[in-house]
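Here is a short report on a metal site and on nonpolar packing. The structure comes first.

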Amino acid sequence: MDRSPDSYSCAFCKIVSGEAPAQVVYRDDSLTAFRDTHPFASTHILIVPNRHIASVNDLDEGEQVLVGQMVWVAKKLAASEGLSARGYRLLINTGEHGGQTVFHLHLHLLGGPLARLALK
Ligand code: 5GP
Ligand code: ZN
């Protein structure tokens, strides 16, 4: 796996590489999705790029497609988790004021009644 220096101390890089355990629900060449260990809603899944990108601030122009893929996978997982009809929240926290605590880009997929309230 292609690894940047930052990735060696990154919790989500370790999940992507299989070094750390997680309930993985989706994986392809670009993305991995797994359940959040401290869920804020009955369904709480994190969708992350396999490559270490710290945050939205660190995205390059060429990574626009990757962000689109993250939303597409969220839509597919929402369907397979039975969330499509009632709806769900997609959330990307960025930086200190955005409430980001893990600096590996991730899209939260929140579903169930509490998703309406969960802004993290
Ligand atoms: P943030 O606040 O950065 O947007 O969200 C980070 C999320 O990652 C939090 O909801 C937190 O519960 C989750 N999280 C942090 N460490 C781990 C971990 O090691 N495994 C999993 N599955 N989730 C984690
Ligand atoms: Zn990482």
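## Zinc site

The zinc ion (ligand 2) is held by Cys10 (SG), Cys13 (SG), His52 (ND1) and His104 (ND1), at 2.0 to 2.3 Å. Donors are N, O and S atoms within 2.8 Å of the metal (3.2 Å for Na, K and Ca), with water absent from the atoms. The site is tetrahedral, with angles of 104 to 117° among the four donor atoms. The ideal angle for four tetrahedral donors is 109.5 degrees.

The donor residues follow the spacing C-x2-C-x38-H-x51-H. His52 sits in the loop between strand S3 (43-49) and helix H2 (64-80), and His104 in the loop between strand S4 (88-91) and strand S5 (107-111), so the pair ties together parts 52 residues apart in sequence. Helices (H or I, at least four residues) and strands (E, at least two) are DSSP runs, numbered from the N terminus. Both histidines, His52 and His104, are buried, meaning under 20% relative accessible area (1.4 Å probe, protein chains only).

## Nonpolar cores

The largest nonpolar core has 15 residues. Such a core joins buried Ala, Val, Leu, Ile, Met, Phe, Trp, Tyr and Cys residues through side-chain atoms within 4.5 Å. H2 gives the most to this core, with six residues. A second, separate core of eight residues includes Cys10 and Phe34.

## Basis

This is a predicted model: local features need pLDDT of at least 70, side-chain atom pairs need 80 or more, and totals for chains, interfaces and linings use all residues. Residues are numbered from 1 along each chain as written, chains are lettered from A and ligands numbered from 1 in written order, and side-chain values use heavy atoms, without hydrogens and water.

How values were computed
Four donors count as tetrahedral if all angles lie between 85 and 135 degrees; four count as square planar and six as octahedral if opposite donors are over 155 degrees apart and all others between 65 and 115; anything else is irregular. Buried means under 20% relative accessible area, exposed over 50%, partly exposed in between (1.4 Å probe, protein chains only).
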